[in-house]
Amino acid sequence: MPERFDFPGKTELAKALAEAVANDLKAGIAERGVASLAVSGGSTPGKFFAALGKRKDVEWEKVTVTLVDERWVPDTSDRSNGMLVNEKMLQGPAASAHFVPLYQGGEEPDATGIAKADAALAGVPTPFDAVVLGMGNDGHTASFFPGGDNLAEALEGDGPIVAMHAPGAGEARVTLSRKRLLETRSLYLHIEGEGKVEVLDKAMGEGPVEDMPIRSILRQTDKPLNIYWCP
Ligand SMILES: O=C1O[C@H](COP(=O)(O)O)[C@@H](O)[C@H](O)[C@H]1O
């Protein structure tokens, strides 16, 4: 059963989640000399990224940061999750972290693009010390979209990176597979707003995973899921 932590506001949530993830990274560095983190994009994580990136107690030069999913757009696009991470998190103390992008050029995540992204991801210390997921109003997480053309592969395949096109996704995307996402020491779901808690409540109920792919994370028991929410 996931554990839920509620906060009065976005600032409090951002600070608490940054504290938890910073502790995960420090534990990883203490144990193996390096640490790795995979984060989501979208409209929710900006404050959390800023709070985490300011942490001076993390040896950022030993940290590798990557994404749980990416829109297949150049990193100059304001739709790029990579750009968001670079602008909001990898500033100040965190500027010395190593960032591994998923977008590898070109118009489409074709076999060459996926092979390059797989190769880039192979350089990220495994398991992740922390994975921070988000959730869309349609019940998607990472780029596990309802109606996604490669949803079954993303949910059940060995991955590690899967191309995804879906009616609700906008541009073509890539996503880490469920298997790769669960190769983590800590797992978080970061959601904000009353609307998202309604989506979460629905997802916690019965129904097919394909209708609300966040269920593939909520229903698994391999990794304890910590849900961070604020209004
Ligand atoms: O498109 C995406 O959406 C989800 C949720 O985003 P939000 O705007 O509702 O916070 C995000 O988790 C994912 O990484 C992103 O690519």
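1. Two residues are taken to be in contact if their C-beta atoms, placed from the backbone, lie within 7 Å. On that basis, among contacts in the protein chain between residues at least 6 apart in sequence, 72% join residues at least 24 apart. Please keep in mind that this is a predicted model, in which local features need pLDDT of at least 70, side-chain atom pairs count only at pLDDT 80 or more, and totals for chains, interfaces and linings use all residues. Residue numbers run from 1 along each chain as its sequence is written.

2. Now the overall build. The protein chain has eight helices and ten strands (DSSP runs numbered from the N terminus: helices are H or I with at least four residues, strands are E with at least two). Its C-alpha trace spans about 40 × 40 × 30 Å along the principal axes. Buried residues account for 47% of the 231 residues (buried means 20 or more other C-beta atoms within 10 Å of the residue's own, exposed 12 or fewer, partly exposed in between, with C-beta atoms placed from the backbone).

3. Which residues surround the ligand? They are Ser 40, Gly 41, Gly 42, Ser 43, Thr 44, Val 68, Asp 69, Asn 81, Gly 134, Met 135, Gly 136 and Ser 143 (near means a C-beta atom, placed from the backbone, within 6 Å). By class, this shell has two nonpolar, nine polar and one charged residues (Ala, Val, Leu, Ile, Met, Phe, Trp, Tyr, Cys and Pro count as nonpolar, Asp, Glu, Lys and Arg as charged, and the others, Gly among them, as polar).

4. Asn 81 of that shell is also one of the buried residues of helix 3 (residues 81-88), with Gly 82, Leu 84 and Val 85. These residues cover an arc of only 160° around the axis, which puts them on the same side of helix 3 (the arc is that of the directions from the helix axis to the C-beta atoms). Their cover includes strand 2 (35-39), helix 2 (46-53), strand 3 (63-67), strand 4 (69-71) and strand 5 (98-99).

5. Helix 7 (residues 194-204) buries Lys 196, Val 199, Leu 200 and Ala 203. Seen down the axis, these fall within an arc of 100°, so they line one face of helix 7. They pack against strand 9 (184-192) and helix 8 (215-218), while the face turned away carries the exposed Glu 194, Glu 198 and Asp 201.

6. Most residues other than glycine have a negative phi, and most peptide bonds are trans. Thr 126 and Pro 127 are joined by a cis peptide bond, with omega about -5°, and Pro 127 sits in the loop between helix 4 (111-122) and strand 6 (128-133). The bond from Gly 159 to Pro 160 is also cis, with omega near 5°; Pro 160 lies in the loop between helix 5 (151-156) and strand 7 (161-164). Ala 142, in the loop between strand 6 and helix 5, has a positive phi of about 45°. Ala 142 counts as buried because it has 32 C-beta neighbours inside 10 Å.

7. Lastly, Leu 176 in strand 8 (residues 173-176) is buried, with 28 C-beta neighbours inside 10 Å. Leaving aside neighbours within four places in sequence, its contacts include Ala 142, Gly 159 and Pro 160, as well as Val 68 and Asp 69.
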